[in-house]
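Here is a short briefing to read with the structure open beside you.

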Amino acid sequence: MKPAVVLYKSLSDDLRQRLNAFFDVTEIPGLDEENVKKYASVLQKAHGIIGSGGKFDQKMLDRLPQLKVASTISAGYDKYDVDALNARGILLMHTPSALTDTVADLLMGLVLATARRLPELAQRTRVGEWRDNVCADWFGSDVHHKTLGVVGMGRIGMALAQRAHLGFSMPILYNARHQHSEAEQRFNATYCDLDSLMAKADFVCIILPLTDQTHHLINRERLANMKPSAILINAGRGPVVDEVALIEALENHTISAAGLDVFEQEPLATDSPLLQLPNVVALPHIGSATHETRYAMDATAVDNLIAAFNGQVQENCVNPQVANSSGAGGEF
Ligand code: 8YV
């Protein structure tokens with residue numbers, strides 16, 4: 001008998017076939033409250049689940065009593081209560097390396113878009129405001145040779161540092177839980193405590209996962225440390241930055257601009273003050289949203305699910321200790 005798997009996101013035909021070869025798959029339209037109720041009996045029988053979005057707290061896990069493996073089509077897993085998964089012997093697989101370069105490209109895009117005011121000036125051109133040679137009130141600021149502060153030197157932080165240092169001759173400051181000798185050797189990056197980084201960097205790029213420790217890490221006091229000419233970029237998780245404090249800093253021009261791909265509430269409310277500010281570039285959480293990368297993430301998540309059921313959790317597993325302690329994966 002094949003393990004029963006719930007798929008809550010559509011996949012391309014080839015990946016769907018690959019999944020079907022290993023599992024007895026039931027596809028459901030999503031994991032919002034309505035669907036969770038509607039498909040309660042399907043969830044009740046699931047040994048595996050794969051998709052992106054949804055909230056896997058105790059309540060949700062109670063609806064999945066047979067679950068052995070959850071495969072999320074994302075790098076981030078802040079929507080999962082990992083302690084609860086561990087207690088129930090459920091493996092969590094994710095896709096940390098499939099999106100690295102694509103998110104780093106977007107971060108560099110936000111650096112350029114904010115510093116050179118690309119969306120704002122494109123819009124002014126579109127509406128016919130370009131009537132003569134542009135003068136100083138249309139000028140942006142340079143990116144090359146400016147100092148880039150990377151908060152969170154993981155895979156994406158490294159890929160951003162590579163682009164910024166080797167491509168744009170930017171000195172790199174970084175803050176991370178541990179010093180990163182490879183970043184220091186390859187990109188001449190300098191380790192800095194967070195407060196000094198905030199004070200010195202021309203661009204502060206936040207690439208942190210959301211945890212109890214990182215929630216509102218970038219608070220009012222830290223924002224106040226930034227230079228008035230500095231730009232904040234966030235493409236990690238919205239709640240890492242105190243959004244109310246950020247809006248105040250932008251409105252009062254204590255910082256120059258912000259490039260944001262993530263927000264405290266997503267989708268961003270249409271009446272958010274952020275959308276009224278010309279010095280904000282706001283994007284709809286598109287860090288990994290390219291055809292190539294979203295396919296690679298889907299494929300990785302499918303392979304992760306298969307690997308986990310075969311007891312192979314060397315790669316892409318958030319809690320491999322579960323496999324050893326409970327025998328999850330191999331048995332269902
Ligand atoms: C996507 C992300 O938003 O992987 C993550 O953690 O934030 C993004 O790539 C996510 O995969 C949902 O589709």
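This is a predicted model: local features need pLDDT of at least 70, side-chain atom pairs count only at pLDDT 80 or more; totals for chains, interfaces and linings use all residues.

- Seven strands make up an open sheet with parallel pairing, and their order is E8-E7-E6-E9-E10-E11-E12.
- Its edge strands are E8 and E12 (280-282), each of which pairs on one side only.
- E10 pairs with strand E9 (residues 203-206) in the parallel sense over four bridges, and here Asn234 in E10 is the bridge partner of Ile206.
- E10 also pairs with strand E11 (residues 257-260), again in the parallel sense over four bridges, and Leu232 stands opposite Ala258 in E11.
- Elsewhere in the sheet, strand E6 (residues 148-151) and E7 pair in the parallel sense over four bridges, with Leu148 standing opposite Ile172 in E7.

**The ligand site**

- Which residues are found around the ligand? They are Ser52, Ile73, Ser74, Ala75, Gly76, Leu99, Arg237, His285, Ser288, Arg294 and Met297.
- Sorted by class, this shell holds four nonpolar, five polar and two charged residues.
- The side chain of Ser288 has an N or O atom 2.6 Å from an oxygen atom of the ligand.
- For the side chain of Arg237, an N or O atom is 2.7 Å from an oxygen atom of the ligand.
- Ile73 takes part through its backbone: an N or O atom there lies 3.0 Å from an oxygen atom of the ligand.
- How much of the ligand does the protein bury? Taken alone, the ligand exposes 320 Å², and the protein buries 81% of that.

**Aromatic pairs**

- When ring centres within 6.5 Å are taken as a pair, the count comes to five aromatic pairs.
- One of them joins Tyr174 and Tyr191, whose rings are 5.4 Å apart centre to centre, with 80 degrees between the planes.
- Planes over 60 degrees apart count as edge-to-face, so the Tyr174 and Tyr191 pair falls in that class.
- Tyr174 lies in strand E7 (residues 172-175) and Tyr191 in strand E8 (residues 190-191), so this pair ties together parts that are 17 residues apart in sequence.
- Are the two tyrosines buried or exposed? Tyr174 is buried, at a relative accessible area of 0%, whereas Tyr191 is partly exposed, at 33%.
- Tyr8, Phe56 and Tyr80 form one aromatic cluster.

**A loop residue to look at**

- Where is Asn316 found? Asn316 is in the loop between helix H13 (291-309) and helix H14 (321-326).
- Residues under 20% relative accessible area count as buried, so Asn316, at 15%, belongs to that group.
- The side chain of Asn316 makes a polar contact with the side chain of Asn304, at 3.0 Å.

Conventions: Residues are numbered from 1 along each chain as its sequence is written. Side-chain values use heavy atoms; hydrogens and water are left out. Rings of Phe, Tyr and Trp (its six-membered ring) pair if their centres lie within 6.5 Å; planes under 30 degrees apart count as stacked, over 60 as edge-to-face and the rest as tilted. Helices (H or I, at least four residues) and strands (E, at least two) are DSSP runs, numbered from the N terminus. Buried means under 20% relative accessible area, exposed over 50%, partly exposed in between (1.4 Å probe, protein chains only). A residue is near a molecule or strand if one of its heavy atoms lies within 4 Å of it. A polar contact is a pair of N or O atoms within 3.5 Å; within protein, one must be able to donate a hydrogen and the other to accept it, and residues adjacent in sequence count only if both atoms are side-chain atoms. Accessible areas come from the Shrake-Rupley method with a 1.4 Å probe; for residues, only the protein chains shown count as cover. Ala, Val, Leu, Ile, Met, Phe, Trp, Tyr, Cys and Pro count as nonpolar, Asp, Glu, Lys and Arg as charged, and the others, Gly among them, as polar. Two strands pair if DSSP finds at least two bridges between them.
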